[in-house]
Amino acid sequence: MTPQAIDAMVAGRELDRLVAEKVMGWKNLKWQDQRSENGWITPAGFYGNGPKGECFLSRSFSTDSAAAWQVKRKITESGIWGFHLTNDGNAWSHVSFTSGTDEYEGEGDTDEEAICRAAWKAAQHGQRGDHEA
């Protein structure tokens, strides 16, 4: 996916899936609508194989502030990546992850959207915090 295509993605289901798989380590995510069977209700959402054995993705990385900051922590936890957030206080945010001469930027109407876009760009290039300096 090109950087322009990532920038064109709106916050929501598809951006959340990409970030979950490429940044957070989820595998085989599939959307499932709410179901009711034998008196049990299965909520709508993504189901797959989480990095800690989870099967239901309960986070919305591109719209939930706490979840977006988990994405930021995942990228920067190795200490190799720097992080910079600029927010104009209204409806625009800019994020960059940097390491040496590598820089991946994301913009959005919210901090969450900008974090997810920049993180997905970094991860797309094999840069998940395990970048060789």
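**Exercise 1.** Which residues does Phe97 touch, not counting residues up to four places away in sequence?

*Solution.* This is a predicted model, in which local features need pLDDT of at least 70, side-chain atom pairs count only at pLDDT 80 or more, and totals for chains, interfaces and linings use all residues. Residues are numbered from 1 along each chain as its sequence is written, and side-chain values use heavy atoms, with hydrogens and water left out. Contact means heavy atoms within 4.5 Å. With that exclusion, Phe97 touches Lys72, Ile75, Thr76, Trp81, Gly82, Phe83, Asp102, Glu103, Tyr104, Ile115, Ala118 and Ala119.

**Exercise 2.** Describe how helix 2 and helix 4 pack.

*Solution.* Axes are lines fitted to C-alpha atoms over the stretch in contact, and angles run from 0 to 180 degrees between N-to-C directions. The angle is about 45° and the axes are 10 Å apart. Angles under 35 degrees count as roughly parallel, over 145 as roughly antiparallel, 65 to 115 as roughly perpendicular and the rest as oblique; helix 2 and helix 4 are therefore oblique to each other. Leu15, Leu18, Val19 and Lys22 in helix 2 meet Cys116, Trp120 and Ala123 in helix 4.

Key. Helix = DSSP H or I, 4+ residues; strand = E, 2+ residues; numbered from the N terminus.
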